[in-house]
Amino acid sequence: MSPANLDAYYRAVRARAPQVLVGYTSCLFKLAKFIDENGLDAGTRPRLKAVIVTAETVTDADVELISRVFGAPTVNEYGMAETSIIAYSRERSDNLQLLWDSVLGRVDDDSLLYVTTLLSPLFPLIQYQTDDCVKVVESHRGSVLRMSHVQGRRRDVLSVVAVSGDVLDLSGILMVHALKSYPNVFGIQFEQLERDRVRICVLGDRRLDLPRMKEFFVTEMHRDAKPVDPAAVELVQIDEVVKSIAGKELLVRPRMDGNAPDP
């Protein structure tokens with residue numbers, strides 16, 4: 001899903017006129033953004049019934065863009081290779097309902113989700129730690145029934161110093177949200193440098209104005225957090241994003257200089 005290949009995917013979608021689009025969140029977002037920024041018609045109305053985003057965290061900005069461009073509801077699918085599907089959104093993308101007849105969910109005090117599978121008598125998973133932080137909106141006797149968001153992996157929290165000198169622990173998803181609307185950006189990853197500095201790696205379809213983007217980022221972050229010290233943020237443009245072995249885009253990537261952040 002490099003910017004250079006997006007036109008080919010766009011033409012394939014138009015030619016096939018699908019009833020359903022299914023894919024990684026980042027892939028469908030990139031395709032929708034390419035269509036939107038180039039003033040193209042997705043060609044999916046009225047046949048397309050739904051766009052199903054899966055395998056990666058989805059933000060409200062993702063949902064708004066994907067639904068608008070493709071002219072169909074965005075359905076959020078949440079699951080793991082170890083458990084299969086855990087939840088689907090219903091009626092709204094931020095209304096994730098657990099498949100309670102096949103999996104039980106509970107959260108701890110840090111909003112970390114644990115699941116127990118009910119349909120595997122040979123090898124059930126019992127109180128399996130997903131490592132995902134979730135926002136619960138309905139539960140019954142400690143069992144999660146509905147969630148509004150899967151907020152991302154516990155490890156996807158980055159530390160950056162504020163103008164006040166305080167060190168902020170910020171969700172990577174919050175920081176992605178601050179930049180996803182920036183023109184010509186098709187991928188965002190982070191590197192934790194020292195304890196309080198962050199490198200933002202951006203993928204674009206053209207040479208980006210990084211100083212201007214940095215000003216935009218600092219301004220957007222001020223809307224949801226304390227003012228971030230611009231000196232604690234470094235922006236670089238990359239040619240490709242780092243992916244996991246499963247092909248998912250990593251939110252926090254290994255440092256480009258090969259060194260891990262200070263413990």
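Is R197 buried, partly exposed or exposed, and what is its relative accessible area?

Tutor: This is a predicted model, in which local features need pLDDT of at least 70 and side-chain atom pairs count only at pLDDT 80 or more, while totals for chains, interfaces and linings use all residues. Residues are numbered from 1 along each chain as its sequence is written, and side-chain values use heavy atoms, with hydrogens and water left out.

R197 is partly exposed, with a relative accessible area of 25%; buried means under 20%, exposed over 50%, and partly exposed in between (1.4 Å probe, protein chains only). Its partner in a salt bridge is E194, the closest N and O atoms being 2.7 Å apart. A salt bridge here is a side-chain nitrogen of Lys or Arg within 4 Å of a carboxyl oxygen of Asp or Glu. E194 is likewise partly exposed, at 31%. Through salt bridges that share partners, E191, E194, R197, R199, E234 and R253 form one network.

By this rule the structure has 14 salt bridges. Another of them joins K180 to D62, with 2.5 Å between the closest N and O atoms. K180 lies in the loop between α4 and β12 and D62 in helix α3 (residues 60-70), so this pair ties together parts 118 residues apart in sequence; helices (H or I, at least four residues) and strands (E, at least two) are DSSP runs, numbered from the N terminus. Both K180 and D62 are buried.
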